[in-house]
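This report looks at selected features of a predicted model. It moves from the packing of a helix pair to the nonpolar cores, and then to individual residues in loops and strands.

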Amino acid sequence: MRLEPQHPAAPSASRESVSLLAQCFHALGDNVERVVKGKRDTVELALVCLFSEGHLLIEDVPGTGKTTLARCLAASLEASWHRVQFTPDLLPSDITGVTIYRQNTGAFEFLPGPVFANIVLGDEVNRASPKTQSAMLEVMEERQVTADGRTHPVPRPFMVIATQNSVDMGGTYPLPEAQLDRFLMRVTLGYPDHASEVAVLSGTDSQSGQPGIEHLPTIATGTHIAEFIQVARQIQVAPQLYDYLVRVVAATRELPEVRLGASPRGSVALLRAVRVRAASQGRTYALPEDVKALADPVLAHRLILTPEAELSGRGGADVIAEALATVPVPQAGAPL
């Protein structure tokens with residue numbers, strides 16, 4: 001199904017640039033899957049997040065490959081990346097940086113923290129105190145750090161990949177809704193199937209006992225990703241599709257089991273992801289199928305359900321599925 005373009009004069013991505021984006025997207029997916037076996041759908045969601053210049057939260061039980069996925073993605077790019085192990089004694093300045101006084105020059109100097117990189121891996125982000133977690137709010141939203149009244153922009157593209165365990169929650173600090181809303185997506189990996197787990201064992205480095213992440217080739221540079229981010233933003237979206245997307249998001253606010261639905265930031269995030277998914281499939285225009293495929297990972301973690309719904313076993317994914325079922329899909333119009 002193909003829908004009307006949003007405006008004849010609107011800039012649109014060329015087929016050649018979209019084709020190059022799709023090639024890079026799938027090459028990165030193949031590269032990551034050399035280590036992360038049998039999780040192609042999750043890998044592609046992570047790549048959609050990367051090409052949307054969004055942030056990714058990977059939540060699952062220990063040992064399923066959360067940090068491995070993040071490291072593989074960083075290793076596949078010729079771009080700067082830093083890893084931060086979140087612990088209860090971690091301070092905000094340990095992430096953002098600190099201003100020091102240089103006695104030899106008689107001036108104050110800002111020393112950037114690990115957040116100043118193209119990709120920042122935050123391992124077990126819920127282990128840090130709320131004060132430290134809040135240090136990530138500004139940089140995740142505005143791509144800058146304010147210290148002592150001065151603003152310091154971070155490199156572009158910029159992506160935070162955070163992990164957290166869904167078990168062993170003792171001594172942890174759950175992420176507040178304001179910070180969850182900063183993540184474009186929340187994904188889970190789950191246990192691999194039998195064949196994939198066998199492939200993981202056979203591909204493990206005999207010396208280190210770990211998957212050979214350090215042997216992964218570089219597929220693209222940060223400059224390439226920055227260019228493809230701009231290409232994805234030019235994917236055509238029809239007025240009917242804008243209307244459909246907003247109706248889906250609005251439906252999450254109207255269902256009785258939802259205490260707090262997705263915000264307009266969720267609508268914007270979903271639109272960014274939809275454009276990237278369309279481009280990754282070689283299309284210069286988005287479809288309702290893109291909205292359906294991405295509504296759950298983009299919107300589910302932004303919802304707060306009523307206590308009654310949680311006690312009955314309902315989750316954000318159930319609400320998203322119900323919202324998609326209640327909103328009519330737009331009909332096809334004339335071809336672009």
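## A packed helix pair

Lys292, Ala295, Asp296 and Leu299 in helix 11 meet Ala317, Ile320 and Leu324 in helix 13. Sorted by class, the residues of this contact comprise 5 nonpolar and 2 charged ones, with no polar residue among them.

Two packed helices are described by the angle between their axes and the distance between those axes. For helix 11 (residues 288-299) and helix 13 (residues 316-326), the axes come within 9 Å and cross at roughly 145 degrees, and the crossing is right-handed.

In soluble globular proteins, nonpolar side chains tend to be buried together. In this predicted model, the largest nonpolar core has 75 residues, and those with the most contacts inside it are Leu50, Phe51, Leu56, Ile161, Met185, Ile225 and Leu270. Helix 10 (residues 264-280) gives the most to this core, contributing 8 residues.

Leu50 illustrates how separate parts of the sequence come together: leaving out residues up to four places away in sequence, Leu50 touches Leu28, Leu73, Leu77, Met159, Ile225 and Ile229.

The side chain of Ser76 makes a polar contact with the side chain of Asn31 at 2.8 Å. When neighbours within four places in sequence are left aside, Ser76 is in contact with Leu28, Asn31, Val32, Leu216, Pro217, Thr218, Ile219 and Ala220.

His152 is placed in strand 8 (residues 150-153) and is also buried, with a relative accessible area of 14%.

## Backbone features in loops

Two residues other than glycine have a positive phi. Glu53, with phi near 50 degrees, is found in the loop between helix 2 (40-51) and strand 1 (56-60), and at 6% relative accessibility Glu53 counts as buried. Arg143, with phi near 55 degrees, is found in the loop between helix 5 (130-142) and strand 7 (144-147), and at 12% relative accessibility Arg143 likewise counts as buried.

A cis peptide bond joins Arg156 and Pro157, with omega about 0 degrees, and Pro157 is placed in the loop between strand 8 and strand 9 (159-165).

Methods. Residues numbered from 1 in each chain as written. Predicted model: local features only at pLDDT ≥ 70, side-chain atom pairs only at ≥ 80, totals over all residues. Heavy atoms only, no water. Core = buried A, V, L, I, M, F, W, Y, C linked by side-chain atoms within 4.5 Å. Buried < 20%, exposed > 50% of the residue type's maximum accessible area, 1.4 Å probe, protein only. Helix = DSSP H or I, 4+ residues; strand = E, 2+ residues; numbered from the N terminus. Contact = heavy atoms within 4.5 Å. Axes fitted to C-alpha atoms, helices over the stretch in contact; angles between N-to-C directions. Left-handed = near helix turned anticlockwise from the far one by under 90°. Nonpolar A, V, L, I, M, F, W, Y, C, P; charged D, E, K, R; others polar. Polar contact = N/O pair within 3.5 Å; in protein donor to acceptor, adjacent residues only side chain to side chain.
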